[in-house]
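The following note concerns the helices of the structure shown below and the charged pairs along them. Please read the points against the coordinates.

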Amino acid sequence: MLSPEAERVLHYLVEVEELAEEVLASKQQIVDLDTKRNQNREALRALQKDLSPSNDVMVCFGSMFIKMPHPQTKEMIEKDQAHLDGEIEKLRKQLKVKLSRLYEAQGRPELKGFNLNPLNQDELKAVKIILRG
């Protein structure tokens, strides 16, 4: 049987390790989704270069190729791209929370400026107008 002090240290280490695992898993999931998003971007670029949108194109699904109409393929990839963007954004928000919990569990100070959000297009235009005078 462990002493109460050793039990408390063991519990602390397990908690920190679990939180760190969650952070690493989220980071890896973001990297994987970003890789898929880049592949989709390459596919969309290849479809844009194709000058004959009336023809069918070959699309790879897992380990098989399927012939699909050009417009339907482009629409499907764009929908997948929007879904991936949403998933990545959601994971990044969750990552901030997980990282904050990890820092709290470790007794480290909270990261300053970590919860900042980027300006959207309208806000950026307004700032540019204000800066011009």
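1. Helix α1 spans residues 4-49, and its 46 residues reach 68 Å from first to last C-alpha, close to the expected 68 Å. Helices here are DSSP runs of H or I with at least four residues, strands are runs of E with at least two, and both are numbered from the N terminus. The expected span is 1.5 Å times one less than the number of residues.

2. This is a predicted model, in which local features need pLDDT of at least 70 and side-chain atom pairs pLDDT 80 or more, while totals for chains, interfaces and linings use all residues. Residues are numbered from 1 along each chain as its sequence is written, and side-chain values use heavy atoms, without hydrogens and water.

3. The buried residues of α1 include Val16, Ile30, Arg37 and Leu47. Buried means under 20% relative accessible area, exposed over 50%, and partly exposed in between (1.4 Å probe, protein chains only). Among the elements covering these buried residues are β1 (56-61) and α2 (70-106).

4. For α2, 37 residues should span 54 Å, and the 53 Å between its end C-alpha atoms agrees. Just after this helix, Gly107 has a positive phi of about 80°.

5. The whole structure holds seven salt bridges, each a side-chain nitrogen of Lys or Arg within 4 Å of a carboxyl oxygen of Asp or Glu. In one of them, Glu5 and Arg8 approach to 2.3 Å between N and O. Arg8 is exposed at 52%, whereas Glu5 is partly exposed at 46%.

6. In α2, Lys90 and Glu87 pair at 3.6 Å, N to O, and lie three residues apart, about one turn. Salt bridges with shared partners also join Asp34, Arg37 and Asp85 into one network.

Methods. Contact means heavy atoms within 4.5 Å.
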